[in-house]
Amino acid sequence: MPLRVYNTLKKDYEIFSPINESQVGIYMCGMTVQDRPHLGHMRTFLFGDVLRRYLEYKGFEITYIQNFTDIDDKIIEKSRKEGIDWRALGDKNENEYLESAQKLNIKPATYYPRATQFVEEIIEMVQLLIEKGFAYESGGSVYFEVSKFKGYGKLSGKNLEDLKESFRIESDPGKKNPFDFALWKAQKEGEPYWYSPWGKGRPGWHIECSVMSAHFLGQPFDIHMGGQDLIFPHHEDEIAQAEAAHNVQFVRYWIHSAPMLLKGEKMSKSTGLYFAAKELLEQYSPESIRLFILQKHYRSPAEYMQEYLDEAERALYRIKNFLESTPSIENGVVNENYVEKFQRFMDDDLNTPAAVSLIFDLIREGNQKLANGEIPTEEKSTLLLLLEVLGFNISNLSTKKPEVDLIKELMEVILDVRQLLRKNKHFQLADEIREKLEQLGFKIKDTKEGSVFEF
Ligand SMILES: [Zn+2]
């Protein structure tokens, strides 16, 4: 069955059909490295990973490009504030991203280009845009003239007039139209710079992605991904530059993922509402974070709550338990019915919540077989296949015992001891234990069969 994806450019679902029969090129807008990666970033990159893995499972060879924006207004500002070199700041955050991605079992990109490595090619493209009449120089900066590009607004679905109403953009005396955007920024005092035909300066943000994606994948290429917040202006501007310069379509499928929310708001460093990936990975297993993320469809905003990760951790424990209680069979036969369902869900615009639910159906059926004294080898082989395609690191499934289970087991030990005390008529001591436990919020009930507790 073919994969059907929601293409932002068409505002509709489309059957995915790559340019090349067996190869697929994917470009993912990566991080601007002024800040540390948080869970919201990782959600987007994890979906890129799942799409890639699924296409690989379907037999495609993938070239996956993910950039690092390593020069930008925000990086310069932040490095000044923190009193460190802008390169050092970028390296630090880039490394933190790479470490977190590795822990999360996100496959490394084929290449991770950095904007500063492509300044020459960027200058060439800016020159081409000036020659073709799409860009103009003003005060040492170069701007793209949006009104010259007929298709401007086709990705965000708005024309320039609508955009003026929806987005407030400060007017700038150097620009002909407030929506004109910088391809090249003149150097301000103390800022890092490169030499160009327009004087010292540095690349604008949007141009780097048009240059680097086409450098590795050609133009047009198959899939461009990123967070929904990048649709306008970043991706709209990428299209305008690339198509104006080369006169062919830039990207065939635009796939955007929804944000991670915290208390109803988009997780972001600027609002202070975020969880850094590194710290979260110290508290939770990477697989539980993957499970939590995949349990939500990539185009629906996902609210973060600690309870969800706790729940995911417990669910992983169930997976691990099942895998450990079933002997392994090499090249075991899979349950075709499940595999077919799995593909049907994934082919439907990557319906990972439904695909994940199959994991637990398999475990339920497998456990039933175990209870009947049968060995659920088919369930196990199928489960392993599904986990692998979804990117779970099977050798690293949570070994941390879920806290709730641990409390339950500890309580059972305490209640057993208490039971013994009662049996030996040490009632006062037994009552004292009960009172202390009640102070901690546990309700103890003594029954004929023994003591039970509620929390
Ligand atoms: Zn980009």
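# A buried aspartate and its surroundings

Asp237 is buried yet forms no salt bridge, and the nearest side chain of opposite charge, Lys175, lies 8.5 Å away. Buried here means under 20% relative accessible area, exposed means over 50%, and partly exposed covers the range in between (1.4 Å probe, protein chains only). A salt bridge is a side-chain nitrogen of Lys or Arg within 4 Å of a carboxyl oxygen of Asp or Glu. For charge, Lys and Arg count as positive and Asp and Glu as negative, while His and the chain ends are not counted.

The model is predicted, with local features requiring pLDDT of at least 70 and side-chain atom pairs counting only at pLDDT 80 or more, while totals for chains, interfaces and linings use all residues. Residues are numbered from 1 along each chain as its sequence is written, and side-chain values use heavy atoms, with hydrogens and water left out.

Asp237 sits in helix H7 (residues 231–246). Helices (H or I, at least four residues) and strands (E, at least two) are DSSP runs, numbered from the N terminus. Not counting residues up to four places away in sequence, Asp237 touches Tyr152, Phe181 and His206; a contact is a pair of heavy atoms within 4.5 Å.

The protein as a whole has 15 helices and 15 strands. Its C-alpha atoms fill a box of roughly 95 × 50 × 40 Å, taken along the principal axes. Of its 455 residues, 50% count as buried. Among contacts with a separation of 6 or more, 75% come from residues 24 or more positions apart.

Two strands count as paired if DSSP finds at least two bridges between them.

Strand E7 (residues 181–186) is mostly covered, with 5 of its 6 residues buried. On one pairing, E7 joins strand E6 (residues 141–144) in the antiparallel sense over 3 bridges, and Val142 stands opposite Trp184. On another, E7 joins strand E8 (residues 201–203), again antiparallel and over 3 bridges. Here Trp184 stands opposite Pro203, and Lys185 opposite Arg202.

Lys185 also takes part in a salt bridge with Asp73, whose closest N and O atoms are 2.9 Å apart. This pair links distant parts of the chain, Asp73 in helix H2 (residues 73–82) and Lys185 in strand E7, 112 residues apart. Asp73 is partly exposed at 35% relative accessibility, and Lys185 is partly exposed at 25%. Both belong to a network of salt bridges that links Asp73, Lys185, Glu191 and Arg202.

By the rule given above, the count comes to 29 salt bridges. Another of them joins the side chains of Asp349 and Arg299 at 2.9 Å, N to O. Asp349 lies in the loop between helix H11 (336–347) and helix H12 (352–371), and Arg299 in the loop between helix H9 (286–294) and strand E13 (302–303), so the pair ties together parts that are 50 residues apart in sequence. Asp349 is buried, with a relative accessible area of 2%, whereas Arg299 is partly exposed at 25%. Arg87 and Asp85 form a further salt bridge (3.1 Å, N to O). Arg87 is partly exposed at 48%, as is Asp85 at 37%.

A parallel pairing occurs elsewhere: 6 bridges join strand E9 (residues 221–227) to strand E10. Met225 has Ile255 as its bridge partner in E10. Strand E10 (residues 251–257) is mostly covered, 6 of its 7 residues being buried.

Leu387 belongs to helix H13 (residues 377–389) and is buried, with a relative accessible area of 0%. Leaving aside neighbours within four places in sequence, Leu387 is in contact with Ile319, Leu323, Ile359, Phe392 and Ile394. The C-alpha atoms of Leu387 and Ala355, 32 residues apart along the chain, are separated by 9.9 Å.

Helix H15 (residues 427–439) has 13 residues and reaches 18 Å from its first C-alpha to its last, close to the 18 Å expected at 1.5 Å a residue. The expected span is 1.5 Å times one less than the number of residues. H15 is followed by Gly441, whose phi is positive, near 100°.
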